[in-house]
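Take a first walk through this protein. Start with its open space, then follow how its parts pack together.

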Amino acid sequence: MNGTEEKKAAQVLSAYRIYEKMLLCGEGMSSCDRVLLRMRMREIENLLGDLPVGDARLLLELHYLRGCSVERCAERLGISRATAFRLKRRGLALVAAKKNRMARHA
């Protein structure tokens, strides 16, 4: 897996918090737009939920869905900062591989 695919995976996961903020301050947003944002958030949750259960998945959930810094994730998981960043890269590689498989079957 190359760094570009991992960056794309990070962008997909980062969208979750953006969608969440849009919903929170979505004055004037139509109900259709709200439903669409919730559907996109659910797709991201499902993408992570399809990953193998383990520290990499948990770190991605904490970091991208809950907004914890990687350093805070390391503290919560009881691992070093360096290990947390390795887990993040490993998890992003898994997400990128999953997205590639999904694209091939679409």
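Helix α2 gives the most to the lining of the largest pocket, with five residues. The model is predicted: local features need pLDDT of at least 70, side-chain atom pairs count only at pLDDT 80 or more, and totals for chains, interfaces and linings use all residues. Residues are numbered from 1 along each chain as its sequence is written, and side-chain values use heavy atoms, with hydrogens and water left out.

Stay with the pocket. About 190 Å³ of space lies in it. Here a pocket is an open set of points on a 1 Å grid over the protein atoms alone, where a 1.4 Å probe fits, with protein on both sides within 12 Å along at least five of seven lines; lining residues have an atom within 4 Å of a point. The volume is the space filled by probe spheres set on the points, which are joined across faces, edges and corners. The lining consists of Val 12, Tyr 19, Arg 40, Glu 43, Ile 44, Asn 46, Leu 47, Asp 50, Lys 98, Lys 99 and Met 102. The elements giving two or more residues are α1 (3-24), α2 and α5 (81-104). By class, five lining residues are nonpolar, one is polar and five are charged. Ala, Val, Leu, Ile, Met, Phe, Trp, Tyr, Cys and Pro count as nonpolar, Asp, Glu, Lys and Arg as charged, and the others, Gly among them, as polar.

Now step back. The protein has five helices and zero strands. Both are DSSP runs, numbered from the N terminus: helices are H or I with at least four residues, strands E with at least two. The C-alpha atoms fill a box of roughly 45 × 35 × 25 Å along the principal axes.

How do the helices pack? Two packed helices are described by the angle between their axes and the distance between the axes. Axes are lines fitted to C-alpha atoms, for helices over the stretch in contact, and angles run from 0 to 180 degrees between N-to-C directions.

Take α1 and α5. Their axes come within 8 Å and cross at roughly 90°. That makes α1 roughly perpendicular to α5. Angles of 65 to 115 degrees count as roughly perpendicular, under 35 as roughly parallel, over 145 as roughly antiparallel and the rest as oblique. The residues of this contact divide into eight nonpolar, one polar and four charged. Contact means heavy atoms within 4.5 Å.

Next comes α2 (residues 31-49) with α3 (residues 55-65). Their axes come within 10 Å and cross at roughly 160°, so α2 is roughly antiparallel to α3. Ile 44, Glu 45, Leu 48 and Gly 49 of α2 touch Arg 57, Leu 60, Glu 61 and Leu 65 of α3. Of these contact residues, four are nonpolar, one is polar and three are charged.

Last, α3 packs against α4 (residues 70-77) at about 130°, with the axes 9 Å apart. The two helices are therefore oblique to each other. Asp 55, Leu 58, Leu 59, Leu 62 and His 63 in α3 meet Val 70, Cys 73, Arg 76 and Leu 77 in α4. This contact has six nonpolar, one polar and two charged residues.
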